[in-house]
Amino acid sequence: MRSSSLATTGQAGRDGATLHTPILIEDEIARFQTDGYLVVRAGFDQGEMRHIDAWAREVEAMPEVSGRQWVYHEASLIEPDRQLIARIENIAPFHAGFAELSDVLKGAVGQLLGEEAVLFKEKINFKMPGGAGFKPHQDAQAGWDAYADYFINVLVCIDAATPENGCLKVVAGQHKRGLFRSWEPLTEADMQGMEFVDCPTEPGDLVFFDSFAPHASDPNMTNATRRLYYATYNRASAGDHMARYYVDKHKNYPPDIDRQAGREYRFRV
Ligand SMILES: O=C(O)CCC(=O)C(=O)O
């Protein structure tokens, strides 16, 4: 747990709660505004991470059923005949632990947004051995401007993320340039002058980054899975768009269980 007296709210003891509510200090809020991202070490302690780790294993083991959590697979880059879980989305409605996690993160995101935060989407990126990386992009490039003008992601590190297993890579200050273009990742020309740096994380670390912050990651060519949970929020004054987002996404990029044979689905950003 962080040493600042502002770093916890003391809500850990509330009825039925497993997780405390992380709170940011002023210096962290200022750094987020300057860089477009903020790393908070040990945002959750080891006891809390034991729960989050167990919840992620439960989600992975949940049966894949249409109308429940959304599971996406990918072919391993190490053994191409092997199918891996790439990510699971839309978890909180079907898992009380992740409902609690996405709820306790709202406090700190609200501090960064300057008003109450509303959950937009959430997922676990599993990046199993042989799991692919992500091209440099801004999350806003995935058509999010159809719902609100600004979002903040929180990454919760479940497994240690390293340069070798494809940790997040970030670049400071470039969020101020706004949206480059929708539905395409960043080009070489866009990235002139951008310096992407590895952002290794340990279980319990949090990374806040906004929807214009360029980021990327490499494949996982190690023999261990690297799970990162991401929850994304927008300002309450911009509305609650989660249900519409998932209805729209289902039309173009449904979970694997709902895919039509013979139709091609292309991941764009
Ligand atoms: O989990 C990662 O490696 C990066 C994820 C990412 O960039 C994304 O989901 O947009």
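**Figure 1. Pairing of strands β7 and β10 in the predicted model.** K169 has A216 of strand β10 as its bridge partner. The model shown here and in the following views is predicted. Strand β7 covers residues 168-170 and strand β10 covers residues 215-217; the two run antiparallel and are joined by 3 bridges.

**Figure 2. The open sheet of 4 strands.** Read across the sheet, the strand order is β5-β10-β7-β8, and the pairing is antiparallel. The edge positions are taken by β5 (134-137) and β8 (197-199); each has a single partner strand, so one side of each lacks a neighbour in the sheet. From one strand to the next, the twist averages 30°.

**Figure 3. The aromatic pair F120 and Y147.** Across the whole structure, a search finds 14 aromatic pairs. In the pair of F120 and Y147, the ring centres lie 5.5 Å apart and the planes meet at 55°, so the arrangement is classed as tilted. F120 belongs to strand β4 (residues 117-125), whereas Y147 sits in the loop between β5 and β6 (151-157); the pair therefore ties together parts that are 27 residues apart in sequence. F120 counts as buried because its relative accessibility is 0%. Y147, with 12% relative accessibility, also counts as buried.

**Figure 4. The aromatic pair Y150 and F212.** The rings of Y150 and F212 form a tilted pair, with 6.2 Å from centre to centre and 40° between the planes. This pair links distant parts of the chain, 62 residues apart: Y150 is in the loop between β5 and β6, and F212 is in the loop between β9 (206-210) and β10. The relative accessibility of Y150 is 15%, so Y150 counts as buried. F212 has a relative accessibility of 17% and likewise counts as buried.

**Figure 5. The aromatic cluster.** Ring pairs connect W70, F120, W144, Y147, F151, Y245 and Y246 into a cluster. Among these members are F120 and Y147, whose tilted pair has a centre separation of 5.5 Å.

**Figure 6. A nonpolar surface patch.** L77, I78 and M221 make up a nonpolar patch on the surface, and their accessible area together is about 290 Å². L77 is located in the loop between β2 (70-75) and β3 (83-89).

How values were computed
Residues numbered from 1 in each chain as written. Predicted model: local features only at pLDDT ≥ 70, side-chain atom pairs only at ≥ 80, totals over all residues. Heavy atoms only, no water. Patch = residues over 30% accessible without salt bridge, like charges linked within 9 Å, V, L, I, M, F, W, Y side chains within 5 Å. Areas by Shrake-Rupley, 256 points an atom, 1.4 Å probe, with all protein chains shown as cover. Salt bridge = Lys/Arg side-chain N within 4 Å of Asp/Glu carboxyl O. Pairing = 2+ DSSP bridges. Axes fitted to C-alpha atoms, helices over the stretch in contact; angles between N-to-C directions. Phe/Tyr/Trp six-rings, centres within 6.5 Å; stacked < 30°, edge-to-face > 60°. Buried < 20%, exposed > 50% of the residue type's maximum accessible area, 1.4 Å probe, protein only.
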